[in-house]
Amino acid sequence: MARYLLIIENAGDNLSAYFPDVPGCVTVGDTVEEVRRHAHEALTGHLEDEPELPNERGLRELLEAGEVDEAGAEAITWVQYVR
């Protein structure tokens, strides 16, 4: 099992989200809950054929690396992935 940080941002007419530790895995939705559901589906589809899972990093590590703009985020949450 792995947990990946999901950053949800306001995209004007909807919300967009990305996983800093899973490049290219993005999703959108109208509400935070809808984005979370879509994110789980996107993460599963993105990782199901990968031989190795990406490393999981915590929020503090991502903030210190400058990869997450906490002030620009609508929500920050975790999404669990089980292979």
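Modeller: What follows starts with the charged side chains and then moves out to the sheet and the chain as a whole. Please keep in mind that this is a predicted model.

The structure contains 2 salt bridges. In one of them, the side chains of Arg57 and Asp21 come together, with 2.5 Å from N to O. This pair connects distant parts of the chain, 36 residues apart. Arg57 sits in the loop between helix 1 (32–47) and helix 2 (59–64), while Asp21 sits in the loop between strand 2 (15–18) and strand 3 (26–29). Buried here means under 20% relative accessible area. Arg57 has a relative accessible area of 19%, so Arg57 counts as buried. Asp21 is buried too, because its relative accessibility is 8%.

The other salt bridge is between Glu67 and Arg57, whose closest N and O atoms lie 2.8 Å apart. Glu67 belongs to the loop between helix 2 and strand 4 (75–81), and Arg57 to the loop between helix 1 and helix 2, so this pair ties together parts that are 10 residues apart in sequence. Glu67 is partly exposed, at a relative accessible area of 35%. Through shared partners, the salt bridges join Asp21, Arg57 and Glu67 into one network.

Glu34 is located in helix 1. Glu34 is buried but has no salt bridge. For Glu34, the nearest side chain of opposite charge is that of Arg37, 4.8 Å away. The side chain of Glu34 does reach the backbone nitrogen of Asp30, at 2.5 Å.

Now to the strands around these loops. There is an open sheet of 4 strands in the order 3-2-1-4, paired antiparallel. Strand 3 and strand 4 are the edge strands, each pairing on one side only. On average, neighbouring strands of this sheet are turned by 30° against each other, direction ignored. The loop that carries Asp21 lies between strand 2 and strand 3, and these two strands pair in the antiparallel sense over 4 bridges. Within that pairing, Leu15 has Gly29 of strand 3 as its bridge partner.

Leu5 stands opposite Trp78 of strand 4. In a regular strand, side chains alternate between the two faces of the sheet. The covered face of strand 4 consists of Ala75, Thr77, Val79 and Tyr81. Its uncovered face consists of Ile76, Trp78 and Gln80.

Finally, the chain as a whole. The protein chain has 2 helices and 4 strands, and from the N terminus on these elements follow the order β-β-β-α-α-β. The C-alpha trace spans about 35 × 30 × 15 Å along its principal axes. The radius of gyration is 12 Å, in agreement with the value near 12 Å for a compact globule of 83 residues. Of those 83 residues, 34% count as buried; Arg57 and Asp21 are among the buried residues.

Notes:
Residues numbered from 1 in each chain as written. Predicted model: local features only at pLDDT ≥ 70, side-chain atom pairs only at ≥ 80, totals over all residues. Heavy atoms only, no water. Salt bridge = Lys/Arg side-chain N within 4 Å of Asp/Glu carboxyl O. Buried < 20%, exposed > 50% of the residue type's maximum accessible area, 1.4 Å probe, protein only. Lys, Arg positive; Asp, Glu negative; His and termini not counted. Polar contact = N/O pair within 3.5 Å; in protein donor to acceptor, adjacent residues only side chain to side chain. Pairing = 2+ DSSP bridges. Axes fitted to C-alpha atoms, helices over the stretch in contact; angles between N-to-C directions. Rg over C-alpha atoms; globule rule 2.2 N^0.38 Å.
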